[in-house]
Amino acid sequence: MKKLFYRLAVCLGMVLGFWACSDDDKPGGGEGAMYQVTVQQSGEYQSYIKSVVVVANGTTLVNENTGEKFKGTAVLGDEELAAPSVTLSTEGGAVEFAVSGGVVDGDDGAVNEPMQWVVVVRKDGKEIDRRTLTFEDGKEISADDLKLYYK
């Protein structure tokens, strides 16, 4: 039950944080760019509760690992982040692109080794950002561990 509460709190915080970035209208006039974000996980990542939210200004997002499509906003939880690497791409050009993520300790009773995220963002095939984040055991709930915004 505690794990479910943490997951819901992290997801809700991130979705609300980026709600203003989302726009259900598709970009017009050939504006926008193709974006891609890859989250590479290492360390004891399966012992943590993780969430990533990607907002693409109403443009469809595709999870390249599973083929699943999301209209404008993708919310990935533990199930979707079970693989060591997850990639989301826009299906069309997006005027705005935002990535948010958070990680919390999955079990207060166990001591877990750290986990790491390497987050790579590409715009029209060119790498425009790379962030490395390390999460350690005992971390409090936080929705602002990773906040990236591109226009």
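A polar contact is a pair of N or O atoms within 3.5 Å; within protein, one must be able to donate a hydrogen and the other to accept it, and residues adjacent in sequence count only if both atoms are side-chain atoms. The model is predicted: local features need pLDDT of at least 70, side-chain atom pairs count only at pLDDT 80 or more, and totals for chains, interfaces and linings use all residues. Residues are numbered from 1 along each chain as its sequence is written, and side-chain values use heavy atoms, with hydrogens and water left out.

**View 1. Glutamate 96 and its polar partner.** Glutamate 96 sits in the loop between strand S4 (85-90) and strand S5 (97-105). Helices (H or I, at least four residues) and strands (E, at least two) are DSSP runs, numbered from the N terminus. The side chain of glutamate 96 makes a polar contact of 2.8 Å with that of tyrosine 149. Glutamate 96 counts as buried because its relative accessibility is 16%. Buried means under 20% relative accessible area, exposed over 50%, and partly exposed in between (1.4 Å probe, protein chains only).

**View 2. Glutamine 36 in strand S1.** Glutamine 36 belongs to strand S1. Contact means heavy atoms within 4.5 Å. Not counting residues up to four places away in sequence, glutamine 36 touches Glu64, Thr87, Leu88, Ser89, Val120, Val121 and Arg122. Phenylalanine 97 is 61 residues from glutamine 36 along the chain, yet their C-alpha atoms are separated by 9.3 Å.

**View 3. The largest nonpolar core.** A nonpolar core is a set of buried Ala, Val, Leu, Ile, Met, Phe, Trp, Tyr and Cys residues joined through side-chain atoms within 4.5 Å. The largest one has 29 residues. Val37, Val52, Val54, Phe97, Val99, Trp117 and Val119 have the most contacts inside it. Two or more residues come from each of strand S1 (35-43), strand S2 (48-63), strand S3 (69-76), S4, S5, strand S6 (115-123), strand S7 (126-135) and strand S8 (146-150). S2 gives the largest share, five residues. In soluble globular proteins, nonpolar side chains tend to be buried together.

View 4. Valine 119 touches Val37, Thr38, Val39, Asp129, Arg130, Arg131, Leu133, Leu146 and Leu148, leaving aside residues up to four places away in sequence. Valine 103 lies in strand S5. Valine 103 is buried, at 1% relative accessible area. From valine 103 to tyrosine 45 the C-alpha separation is 9.4 Å, across 58 residues of sequence.

**View 5. Lysine 50 with aspartate 78.** A salt bridge is a side-chain nitrogen of Lys or Arg within 4 Å of a carboxyl oxygen of Asp or Glu. The count comes to five. One of them joins lysine 50 and aspartate 78 at 3.3 Å, N to O. Lysine 50 is in strand S2 and aspartate 78 in the loop between S3 and S4, so the pair ties together parts 28 residues apart in sequence. Lysine 50 is buried at 3% relative accessible area; aspartate 78 is buried at 12%.

**View 6. Two further salt bridges.** The closest N and O atoms of glutamate 91 and lysine 69 are 2.6 Å apart, forming a salt bridge. This pair links distant parts of the chain, 22 residues apart: glutamate 91 in the loop between S4 and S5, lysine 69 in strand S3. Glutamate 91 is partly exposed at 43%, while lysine 69 is exposed at 53%. Arginine 131 forms a salt bridge with aspartate 129, with closest N and O atoms 3.1 Å apart. Arginine 131 is partly exposed at 37%, whereas aspartate 129 is buried at 13%.
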